[in-house]
Amino acid sequence: MEFSNIEILQLPDISKVTFKRIHKDHLKVLILTILSVFTILFLAVFLLETNVEEIGSFPYVNYIYLVLVLLFFVLLIAFGIGFSRRKYVLRDKDVTYKSGVLIKVVTTVPFSRIQHVEISEAPISRLFKLASLNVFTAGDSSNDLVIKGIKKEEALKIKEFINQQING
Amino acid sequence: MVNDSLFTDFSKQSPKGILVIYAKLLFKAFKATWILLIIFIQRFSKFSEETLVYVYIGIVVFLVFFLIRAYLVYTNFLFKIDDGQFVLKEGILQKKNTSISFDRIQNINFKQNLIQQLINVYEVSIETAGSKDTEIAIKALTYEKAQALKMALSLVKKKTQQLELDVEQPRPLLKIGFKELFKVSLTENHLQNLLVFMALVFGALQQLNDVFIGIGENDVLGNYADVNPKDIFNSIIIFVIFILMLIVIGVLSSFVRILLFHFNLTLFIKDKSLEITQGLLTKKSILLSKGKIQSITISTNPIKKKLGISFVTFKQAVSGKVKKQQNKLIRIIGCKIEQIKIIKELLYVDSSVDDETRYVPNNYYLLRMYFRSAIGIIILNCIILFLIKDTTWLWANMLVIPVTLLLIHLKYQKAFYQFNEEILLIGKGRVETHGTYLSFFKVQNIKIKQTIFQKRRKVVNLVLQTASGKITLPCVEENRAITLYNYILYKVESSKESWM
């Protein structure tokens, strides 16, 4: 593979950058989220079992709990791995985010193509003063870059930095 | 030259616009109630005279109501140009005020549907990049006024280009007559057109059926749907006739489609833009400026290749999450090799990219397609065995498996990518061959995706997001993908050109 004029080796290499992990409190947010979802699920199954006769007399009803418990642990592990894979880095001219458990994704958005930057806070994240940073580019914006689980101050700083880069 | 003051005060559309709006309202009402109308006509004889009088009065009231509504829509639709902004006021009860600054206007297009053609007015639509709510359509303007508006809008935008807009129409680069249109339509993908046609027909039948069942009449269409598959297979003659009929319908639907969309296709090159006019019932004229085209795709198929023709698809920036992407896809058919060369030159597509080294996807791409189709076929067989329980259907495998294999191999053979310093050329297709040319600096963001299976093989998918959608390079070797990734980022970040 050759590009005349440009020495490939001199180009900034994405595979040689040190990435930064997202904030460790985000793991707590993830765990809390799963816990609350599963609490509701368990309650729902329990209430159905005790109040609806057809379900209460259903012979395999205990398996439902087993499946739920299994699912809970699988998700917990998956989110745990997912958390450790979420990393980001800001370079002079672009922002990169990588993540993914089964499918690993690395996304880079050059500052010069950013349309706008948004900071959003989900309810549970707000307890830990965490926010997520959404970066939008032109066109079909569903595939842009979102960094979840960074401290709000840092998100604001990054937003400010990117805005400076866009306008400056 | 245009009198700029023409639009400084609020102006209305041409009075003929009432007719256009009226027709549109009626058409909408008809589309919503056509099934009821059919039932009504069917029962026409059963109504007593007294009821009929009421029905007639109802229809008249209906028509008058829509006429008044159309008139009100017309009188409340006002637009002007004010200090670099296009201002539009509309709405009868709920007033809406829109203003668009000129630099956000992406395109100004002319359009004529059947009625607009008959009464000789033009619909001017103003497309913007950005939010999706700001697509504006002015339904009826005389040709002079439409031209004047277009000029006024582009004048303020680019004061320097005043004179060029006034230049006489040059000779068209491409003009497709009826004969040629016919020839092109014969080489279309008939299977695809057949499917589109069938989908339309089945959709309408389904709707009819629902209604008839709904009003208590027994399944009127049941007789057609209830053909026992065994009868078809047993009687070869019926089968052959069936196939022949499908072929005829396929060819016909291709022809109709081509005729509707591409009738009288003309392509002009004007300074820095392409002007395309085409369409039978709805005549569209589109001005494509060079900078706004995100990528072009040149497609052909085996028959077209023999005849030396191909079609070109231009992709523009899509605004927001619009569903109707077809509007942003502009296609011209029946291009000869020389014409393609001129179009490429105009759009700065450096043809040297065609001679660069060709890279093909890793073998894993082929393996993955085999694997996925195998799963599909197994599921299909399971459905036959356990749900339909009719083993005759298993013979379908005789057809499905070879066709799938053939398609997989064609797809693998046609997938490639090659590039020079500025441009990436991506090839794909099965029966048809598509080559997409993308300038690196038009890339918005870039992704590397790797599944756990791909990781073992050290291959990745490289996804390039542009303002007109994403382009995927499947199963590229990992180190090559990273080099490309770095290089594309370098090109985007060092580029001074605007992507739009």
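**Where chain B meets chain A**

Modeller: Start with the strands. In this predicted model, strand S4 (residues 103-110) of chain A is joined to S17(B) by 6 bridges, and the two run antiparallel.

Biologist: What is the bridge partner of Ile103(A) in S17(B)?

Modeller: That is Thr451(B).

Biologist: And what holds paired strands of a sheet together, in general?

Modeller: Backbone hydrogen bonds, with the strands either parallel or antiparallel.

Biologist: Zoom out. How many residues are in contact between chain B and chain A?

Modeller: 35 residues of chain B touch 36 residues of chain A.

Biologist: What area is buried there?

Modeller: About 3,100 Å² is buried between chain B and chain A. Carbon and sulfur atoms give 57% of that area.

Biologist: Which elements of chain B supply at least two residues each to the side that touches chain A?

Modeller: Strand S17 (443-451), helix H15 (452-457), strand S18 (459-466) and helix H16 (478-494) of chain B. H16(B) gives the most, with 10 residues.

Biologist: How do the residues on that side of chain B divide?

Modeller: Into 16 nonpolar, 10 polar and 9 charged.

Biologist: How many salt bridges across the interface, then?

Modeller: The rule finds 0 between chain B and chain A. For polar contact, it finds 11 residue pairs across the interface.

Biologist: New topic. In what order do the 7 strands of the open sheet in chain B come?

Modeller: S6-S5-S4-S10-S9-S8-S7, with antiparallel pairing. Strand S6 (136-141) and strand S7 (174-175) of chain B are the edge strands, so each pairs on one side only.

Biologist: How many bridges join S4 and S10 of chain B?

Modeller: 3 bridges join strand S4 (residues 105-112) to strand S10 (residues 283-289) in chain B. Gln112(B) has Lys283(B) as its bridge partner in S10(B).

Conventions: Residues are numbered from 1 along each chain as its sequence is written. Chains are lettered from A and ligands numbered from 1 in the order in which they are written. This is a predicted model: local features need pLDDT of at least 70, side-chain atom pairs count only at pLDDT 80 or more; totals for chains, interfaces and linings use all residues. Side-chain values use heavy atoms; hydrogens and water are left out. Contact means heavy atoms within 4.5 Å. Buried area is the accessible area (1.4 Å probe) that two parts lose on being put together, summed over both. A salt bridge is a side-chain nitrogen of Lys or Arg within 4 Å of a carboxyl oxygen of Asp or Glu. A polar contact is a pair of N or O atoms within 3.5 Å; within protein, one must be able to donate a hydrogen and the other to accept it, and residues adjacent in sequence count only if both atoms are side-chain atoms. Helices (H or I, at least four residues) and strands (E, at least two) are DSSP runs, numbered from the N terminus. Ala, Val, Leu, Ile, Met, Phe, Trp, Tyr, Cys and Pro count as nonpolar, Asp, Glu, Lys and Arg as charged, and the others, Gly among them, as polar.
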